[in-house]
Amino acid sequence: MSETKNNPLLSFVANLTGEQYLKIEEDLGHGFVRLNTSEAERRQAKHDIQSMEDIVLEMMRNSRDAGSTRIFIASTKEDNIIRKVTIIDDAWGIPPDLHKLIFEPRVTSKLENVITDRYGIHGRGMALFSIKQVADEAELVFSSPGRGSVFRVQTSTGLLTERKDQSTYPTIKYRKGEPIIIRGPHNIIRTALEFNLDYQNLEIYLGSPSDILATMYYLCAQDKDNNGGKSQDYKIWRSVSQAKSAAILADVAERRLGLKISVRNAQRIMSGRVGPLKTMLEALGRQEERKEPKRKVDLLRSEPLAKRISQEDLEQLAGIIGNSFKTIAGKYFMELTEAPEIKTEENCIKITIKVQSLGN
Ligand SMILES: Nc1ncnc2c1ncn2[C@@H]1O[C@H](COP(=O)(O)OP(=O)(O)O)[C@@H](O)[C@H]1O
Ligand SMILES: [Mg+2]
């Protein structure tokens, strides 16, 4: 080895045949080399993107800079090790001939408008390249000028880290009326919320693919109601509203929006059984209303089903059950002691009917 080092010819041959050759621009002797640009870039990539949270952040920064108003982030974990994240925005999109090039190093549209935010300088054209280097898969599922973009990234948590605890919602305190994150793991939820607190005009949704699709479906229906049946624009996320059947919805979701869901789940979305997500900032408001700063909200999973039912509807249900019960209670010489009590748990509605002998 040392013989090779001291002999320029041998060293030349070794470099030429070995892997090293691909990494070096110049051998400076004494063990010093000048890396070639691509090797330096590959090394830099590993430094820039060290976790799934970093990926989500860079994607949000890109959407922000491209004029987004809404960002949908779908996240799932499979077999406990594969993290799949899809980011869908309504920004100005990317022309088709640049779809592949944006993943190459130093490709940027920010020649004059480099942005410095709290995360540093933005406009080196390195983030998508770095993401592609460190992720198992990173692809642009869809993008078209004026219609927004859909990026899908898959990592294996064995190779690229992420916070273990992806369900704890950060603890918020209000200082002079402004929400501030004071505690909580630096997970995807916190990354997105922190970003949203800095850019409060953005609507950011974070949830499972089904949650995200249900939210899109709901927002389209709501906008149509408000616009006399007309869709507002042709952003890609609105393509969910074209689906006439669950099978088509599942297909559109996967091909155009990078969201893989079963036809059964698509059915549940179309029939309104999967409700929409709150925006990250709305979810924050709810946390404050309840004054339970340490409460855990698992935004990456669906909200417990029964918890979605409003108090008003629960009371109405209790009334109906109470009245129905009265029609049979007499047969058994009993009556209700009080109105039925109704409680919700995860996926369960518990109704307690207290009875006493008639005329007690
Ligand atoms: N969500 C997006 N919407 C529109 N254009 C995007 C989006 N994400 C990336 N791009 C384009 O791809 C280019 C490369 O992105 P990136 O690698 O993050 O580098 P940088 O943001 O530093 O330019 C951006 O300059 C931008 O033109
Ligand atoms: Mg960027």
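This is a predicted model: local features need pLDDT of at least 70, side-chain atom pairs count only at pLDDT 80 or more; totals for chains, interfaces and linings use all residues.
Residues are numbered from 1 along each chain as its sequence is written, and chains are lettered from A and ligands numbered from 1 in the order in which they are written.

Helices (H or I, at least four residues) and strands (E, at least two) are DSSP runs, numbered from the N terminus. An open sheet is formed by 5 strands in the order β7-β8-β4-β3-β11, with mixed pairing, where two strands pair if DSSP finds at least two bridges between them. Its edge strands, β7 (137-144) and β11, each pair on one side only, and neighbouring strands are turned by 10° against each other on average, direction ignored. Between β3 and β11 the pairing is parallel and extends over 5 bridges, with Ala74 standing opposite Gly207 in β11.

Helix α4 lies across β3, β4 (82-89) and β8 (148-156), and runs at about 10° to β4; axes are lines fitted to C-alpha atoms, for helices over the stretch in contact, and angles run from 0 to 180 degrees between N-to-C directions. The expected span of a helix is 1.5 Å times one less than its number of residues, and for the 14 residues of α4 this gives 20 Å, which agrees with the 20 Å between its end C-alpha atoms. The helix is mostly covered, since 11 of its 14 residues are buried, a residue being buried if 20 or more other C-beta atoms lie within 10 Å of its own, exposed if 12 or fewer, and partly exposed in between, with C-beta atoms placed from the backbone. Among the buried residues are Met52, Ile55, Met59 and Asn62, and the buried residues of α4 pack against β3, β4, α5, β8 and α6 (188-198), contact being defined as C-beta atoms, placed from the backbone, that lie within 7 Å. Gly67, which follows α4, has a positive phi, near 80°.

Helix α7 (residues 209-226) lies across β3 and β11 and runs at about 155° to β3. After α7 comes Gly228, with a positive phi, near 55°.

Of the 22 residues around ligand 1, Asn62, Ala66, Thr108, Ser109 and Ala127 come nearest, and the elements that give two or more residues to this shell are α4 (52-65) and α5 (127-134). A residue is near a molecule or strand if its C-beta atom, placed from the backbone, lies within 6 Å of it. The shell divides into 9 nonpolar, 9 polar and 4 charged residues, with Ala, Val, Leu, Ile, Met, Phe, Trp, Tyr, Cys and Pro counted as nonpolar, Asp, Glu, Lys and Arg as charged, and the others, Gly among them, as polar.

Strands β13 (residues 341-345) and β14 run antiparallel and are joined by 5 bridges, with a hairpin of 2 residues connecting them and Glu345 standing opposite Cys348 in β14. Leu101, in the loop between β4 and β5 (115-117), is exposed, with 12 other C-beta atoms within 10 Å.

Methods. Two residues are in contact if their C-beta atoms, placed from the backbone, lie within 7 Å.
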